[in-house]
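My entries follow in the order in which I looked.

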Amino acid sequence: MPIKLEQVDFVYAGGSPFERAALKGINLSFLDGEFVGIIGQTGSGKSTLVQMLNGLLKPTRGTVTVNGLVTTAKGVKLKSLRQEVGLVFQFAEYQLFAETVAADVAFGPENQGVPASEIAERVDQALLNVGLPLEIKERSPFELSGGQMRRVAIAGVLAMNPKVLILDEPTAGLDPRGRDEILSRIRELHRQRGITVILVSHSMEDVARLVDRLVVIHGGQIVYDATPREVFAHGSSLKTYGLGVPQATEVLGLLKAKGWAVPEVALTLDEARQAIVRAYQLRRELA
Amino acid sequence: MSMMQQITLGQYLPGKSVVHRLDPRTKLLMAFGFIMVLFIITAGWVEYGILGLAALLIIYTAKLPLGMVLRGLRPILIILSLTIVLHIFSTRTGTLLFRLWFLEVYSGGVNQGFLLAARLVLLVLSTSVLTLTTSPIALTDAIEFVLKPFKRIGLPAHELAMMMTIALRFIPTLIEEAERIMKAQLARGADFESGGLIKRAKSLLPLLVPLFISAFRRADELAMAMEARCYRGGDGRTKFKVLRYTKLDFYAWTCFVAVSALAFYVSYAL
Amino acid sequence: MDILDIADLHHIYRGHEGETIALAGVDLVVSEGEFVAVIGRNGSGKSTLAKHFNAILLPGGGRVLVAGLDTREEALLWSVRQMVGMVFQHPDNQIVATVVEEDVAFGPENLGVPTAEIIERVDASLRQVNMEDYRTHAPHLLSGGQKQRVAIAGILAMRPRLIVLDEATAMLDPIGRSEVMSTILRLNREEGMTAVLITHHMDEAVKANRVVVIDQGQVVLSGTPAEVFSQYKLLEALGLDVPVAAKLSILLAESGLPLPAHILTAEQLVDELCRLN
């Protein structure tokens with residue numbers, strides 16, 4: 001299920017006095033099984049970008065090709081495309097509507113025309129995948145906690161068995177434990193089912209420890225598309241885009257400025273710890 | 001956000017013209033007075049001509065694009081044509097103009113039909129000019145003021161105005177939210193467009209249920225936030241924006257009285 | 001005098017599925033000029049606690065005194081609410097008017113402040129939150145951080161003695177959060193405004209004078225940020241985070257580097273590391 005964007009422009013409210021270019025000349029592709037992070041300030045165009053990937057928005061110029069299908073081609077079945085590319089919106093719990101958790105999660109597969117017997121299986125599987133106990137199936141989704149509701153909403157997209165899973169800020173507003181639970185489930189899904197995951201996030205810490213590839217978007221244009229290690233080496237320019245680096249990297253940067261022999265980037269705390277311990281020992285030997 | 005920015009609420013067209021600067025109470029009461037005059041005077045082309053000329057003059061002074069004002073007539077096009085057609089075929093005064101199979105058309109019918117249509121057009125024009133030149137907030141303040149005397153008979157003037165303000169405040173928010181939920185359900189394979197009436201109505205549930213739940217949650221939280229800011233109804237409340245009549249309003253009323261007097265004179269004395 | 005004096009506060013929610021104990025004996029005192037952060041997981045009771053500060057909820061047991069006034073006394077309700085301003089989580093659901101300045105005026109209007117003074121207060125409050133350029137804007141076109149600043153201005157215009165931010169940063173992006181944080185920090189440090197910040201972002205709590213940790217309706221930890229965040233094992237067991245720099249310094253200490261406890265920020269950590277040689 002590779003996705004390819006070529007020379008994509010998108011203009012909101014074209015021709016009106018409110019015209020605004022949200023994306024400019026985007027060239028980007030996603031390969032099977034990748035775990036990609038997208039970061040950018042609010043209003044940078046990242047939400048517009050992800051809605052291009054399942055045909056919810058169509059480019060004003062340029063093409064988006066999903067699994068060989070061009071979304072702007074005549075007669076293209078967008079509905080089937082949306083089943084292959086699952087999109088979980090920000091604050092996804094606000095889309096829940098059914099009387100029971102099971103019925104809500106079943107909504108996607110029902111629209112797909114999946115046979116009833118298989119739907120039940122998929123619902124169970126999806127709930128387990130997001131770490132929810134099957135006992136809650138018959139409960140109303142509106143009685144659950146915020147974090148649980150969020151996970152039901154994610155399960156609703158997973159039940160469609162998408163080959164690509166896009167998550168727009170899946171942890172916004174959750175407390176640290178709620179955040180860690182969701183992120184570790186997503187990582188497992190990627191590892192076990194091999195689905196492509198595209199994670200839009202405001203948290204540098206989260207993308208640093210999760211993704212293999214990081215796309216940085218600013219003013220509707222892609223400014224970096226590389227590994228997190230490469231991207232976070234550009235701390236000062238990331239700051240001008242209203243972004244930052246993981247704090248572990250920030251500490252190393254400050255130490256380096258004071259003459260310590262540490263690498264520029266650390267993606268995890270453990271990595272930073274090892275680098276600092278090594279540099280510390282080196283300094284003691286020299287002294 | 002995309003769709004929202006294109007919607008101008010209450011079709012208010014901001015501007016700095018004399019008409020815009022009038023006190024909203026003046027404009028509200030004048031629009032009302034204009035409609036009263038319209039219905040009291042006898043229907044006639046000279047009378048309506050005077051009022052129509054006055055309306056055009058106001059539109060010109062307010063620097064409103066005529067096309068936009070006329071577009072406001074679009075929703076009543078059907079009523080307009082019905083009024084004209086019904087009168088043409090049912091009024092049998094004046095001379096017989098022509099006969100179409102069993103239908104007879106008299107000059108009186110044509111005259112009557114178009115006069116009534118003109119009255120409707122003038123009525124809609126006066127309200128359009130009001131909403132186009134008065135911001136929704138100013139209009140709300142004016143309505144609250146005008147309704148105040150009826151408080152004694154139990155009309156909750158302040159509460160009505162507050163409800164209008166809150167509605168105006170939340171319409172864009174809710175439209176934005178509806179758009180977002182719709183997209184989320186589309187992403188789950190929802191289909192809002194195909195199928196028969198019942199199927200389509202049913203397919204709206206995944207949109208409407210979350211929207212209602214969110215609207216209730218918002219109402220709840222807003223009520224709490226308002227109470228936390230010491231809101232306890234209209235009693236003892238002061239105003240940040242106090243409405244004030246100016247010389248402009250005096251001139252406007254003078255013109256209004258003059259035009260009305262002229263219309264009445266033409267209507268009854270001549 | 002203490003602005004907030006809470007003793008043995010209990011609160012029980014009654015629903016169809018029985019009773020939930022939200023607060024089980026909370027003691028908390030906030031003095032004039034303090035900046036206190038209350039942290040805890042979702043559902044720990046921290047938001048319930050906040051709603052007792054201005055009598056949105058009333059004690060099921062124990063008492064809440066606001067500048068000496070008991071919140072249970074109905075006659076004092078509006079004085080209590082005027083003194084304790086509350087900024088809520090959802091930026092959209094607390095702005096009443098269709099124009100920024102009108103919304104800021106809403107509180108003083110309710111208090112019956114004379115028009116001339118309302119105008120003065122609106123000007124001053126918008127300046128305090130750096131939103132004076134937006135006074136005639138429509139709120140729904142503002143960013144989340146700007147909306148929350150408008151909400152803060154609306155509170156300031158009521159001339160309160162305490163501002164409570166009830167998870168007011170939870171729905172914001174990093175830029176919005178830093179806008180709100182720098183606004184509240186400036187108000188506290190430069191104008192002496194007492195503030196209570198309810199949050200689950202540890203990097204915000206670090207900036208307070210005092211951190212109070214709530215779990216299962218009780219205060220489990222209280223002290224300076226340095227004291228509280230040195231207890232990282234306990235905090236993690238409660239499902240909370242520790243600021244990244246604090247955790248890194250603890251890891252480094254465990255690896256044998258003779259670092260002092262109480263490190264909270266990247267800058268402090270680097271300074272301490274450089275001092276080692």
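How do the residues of the lining of the largest cavity divide into nonpolar, polar and charged? I find seven nonpolar, four polar and eight charged residues there, where Ala, Val, Leu, Ile, Met, Phe, Trp, Tyr, Cys and Pro count as nonpolar, Asp, Glu, Lys and Arg as charged, and the others, Gly among them, as polar.

Before going on, I note that this is a predicted model, in which local features need pLDDT of at least 70 and side-chain atom pairs count only at pLDDT 80 or more, while totals for chains, interfaces and linings use all residues. Residues are numbered from 1 along each chain as its sequence is written, chains are lettered from A and ligands numbered from 1 in the order in which they are written, and side-chain values use heavy atoms, with hydrogens and water left out.

**Cavities.** I looked for cavities (on a 1 Å grid over the protein atoms alone, sets of points where a 1.4 Å probe fits but cannot get out, with lining residues having an atom within 4 Å of a point), and the structure holds four of 30 Å³ or more. Grid points are joined across faces, edges and corners, and a volume is the space filled by probe spheres set on the points. The largest cavity holds about 260 Å³ of space; of its 19 lining residues, B:Thr165, B:Arg237, B:Lys239, C:Glu102 and C:Glu109 lie nearest its centre. H7 (136-147) and H8 (157-187) of chain B and H3 of chain C each supply at least two residues of this lining, helices being DSSP runs (H or I, at least four residues) numbered from the N terminus.

The second largest cavity, of about 60 Å³, is lined by residues including A:Phe89, A:Tyr94, B:Arg180 and B:Ile181, and its lining divides into six nonpolar, two polar and one charged.

**Chain C against chain B.** I then turned to the contact (heavy atoms within 4.5 Å), which takes 40 residues from chain C and 32 from chain B. The buried area (accessible area, 1.4 Å probe, lost on putting the two parts together, summed over both) is about 3,300 Å², with 59% from carbon and sulfur atoms. Six salt bridges (a side-chain nitrogen of Lys or Arg within 4 Å of a carboxyl oxygen of Asp or Glu) cross this interface, and I noted one between the side chains of C:Glu101 and B:Lys241, at 2.8 Å from N to O. H2 (77-83), H3 (100-111), H4 (115-128) and H5 (144-156) of chain C each supply at least two residues of the side that touches chain B, and H3(C) gives the most, with eleven.

Conventions
1 Å grid on protein atoms, 1.4 Å probe; cavity = no way out; pocket = protein on both sides within 12 Å on 5 of 7 lines; lining within 4 Å.
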